[in-house]
Amino acid sequence: MTAYQIFTSEQAMRFADEHSELFGEHSKLSATEFGDGNLNLVFRVVNDKGTSLIVKQALPYARCVGESWPLSTDRARIEAEVLKLHARFCPEHTVEVLHFDRALSAILMEDLKQYDILRTALIKGKQFAHLAPQLANYLANTLFYTSDFVLTGPAKKAAVAQFTNPDLCLITEDLFFTDPYCNHERNTIHSLILPSARALWYDTDLQAEVAMLKADFLSKPQALLHGDLHSGSIFINNENCKVIDAEFGFYGPIGFDVGVLIGNLLINYVASPGVFKTPEEQSQQQHYLLTQIHTLWQHFADTFSQLQQTATQDPTLQNSRYQQRFLQQVFTDAIGYAGCELIRRTVGLAHVADLERISDAKQRAVCEIHALTLGRVLILERAQLDSITALLDKVQRTVAAIAAP
Ligand code: ADP
Ligand code: MG
């Protein structure tokens, strides 16, 4: 067994060569590190015919901060095992893991170079009708088949233990649920929205609801989540989309994965006036996003409900009234987590390009205030929003009603 060492390009190349037949015997390989992520090294290894694979290695610390933020390399095991399990239930939309080495915390996987990152595509105004149905499929299948509807009690408990992920869960617990609601040094707040950000620190009604959502995140192990399903973790092209980067995976509330994804579509929605030049482009993009959110929920709920009715193993959980209530609660949770994502991406540590790329500071501030206001409304009113049309109506009305600062 090789001891852990941080890969050079040369070592990443050898690792790829050793664990794949793809390159052939006499191929000339080259490798470059090109990761733009926050935590890990990502290498692309290419042969002289242009065939390529990706090597992702976890560092013993967070890449974006350095050695002062140590982080368990066990996250690479979690990532590889979540991706492999999710691929069992939804191979079409999960990146393929070819090999995982535990000692080196390194994953060899397929190269998605024929795809674009969804966030980048959305910012460019690219629209894909298959986005929502495909991701709804991914969510319904991966979440249902790892849940109590299918697993026996003992199998479920073993799975919860296998996917216990304390270091990365702590990042979410802090950055998603705690920091944005206090004056934390990790926050990044643009000066023009300081009064709105500061209001969050004293908003005890909001903080009570965020505490409920955090408590569920801590103690509702419903299914094996991806754990970080933002639009930078999704690759898309004209035919297909695939999910990557499952290192935050753990057993948590199903509404978290659904809500983070919806939250990211809504971030693009509020950013649209700063991203697109003409009012026509803006409203076209916003219409597209609302339609996608509608389809995403509808298709997810239909598929999940169908699976509940036909594939539930536990006789008690076959009760149809229980199954409907379960799904309704997932919807309510998802709206709350979508609201948290809007807020934390605006004032927390990890900002997103949809808002950051808006070069006019005043215009960006308007969009950021929309994100904060919408996030707050979704968290506070999630229990009253009992259908997807009620949610989308609320989104439109809330954003339209906010005056510029
Ligand atoms: P991190 O967990 O460190 O944020 P990611 O898994 O998000 O790392 O990967 C960082 C970047 O590396 C991605 O944004 C993408 O550009 C590239 N990347 C990662 N996996 C793949 C892949 N399978 N195919 C192509 N590019 C990839
Ligand atoms: Mg990551």
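Predicted model: local features only at pLDDT ≥ 70, side-chain atom pairs only at ≥ 80, totals over all residues.
A polar contact is a pair of N or O atoms within 3.5 Å.

Entry on contacts. I looked up Lys56 and found an N or O atom of its side chain 2.6 Å from an oxygen atom of ligand 1. I then took Glu247, where a side-chain N or O atom is 2.7 Å from an oxygen atom of the ligand. At Glu110 I noted a backbone N or O atom, 2.9 Å from a nitrogen atom of ligand 1. I also looked up the cover: ligand 1 has 540 Å² of accessible area on its own, and the protein covers 92% of that.

Entry on the shell. I found 20 residues around ligand 1, with Asp36, Asn40, Lys56, Leu112 and Glu247 coming nearest. I sorted the shell by kind and got 10 nonpolar, 7 charged and 3 polar residues.

Entry on where the shell comes from. I noted three strands, β2 (40–46), β3 (52–58) and β7 (106–110), that each supply at least two residues. The largest share is 3 residues, from β2. I checked the domains as well: domain 1 (9–110) and domain 2 (116–403) each give the shell at least three residues.

Entry on the pocket. I looked up the space that ligand 1 takes, and this is the largest pocket.

Methods: Residues numbered from 1 in each chain as written. Chains lettered and ligands numbered in written order. Heavy atoms only, no water. Near = heavy atom within 4 Å. Polar contact = N/O pair within 3.5 Å; in protein donor to acceptor, adjacent residues only side chain to side chain. Areas by Shrake-Rupley, 256 points an atom, 1.4 Å probe, with all protein chains shown as cover. 1 Å grid on protein atoms, 1.4 Å probe; cavity = no way out; pocket = protein on both sides within 12 Å on 5 of 7 lines; lining within 4 Å. Sits in = over half its atoms within 2 Å of the grid points. Helix = DSSP H or I, 4+ residues; strand = E, 2+ residues; numbered from the N terminus. Nonpolar A, V, L, I, M, F, W, Y, C, P; charged D, E, K, R; others polar. Domains from an automatic or database assignment.
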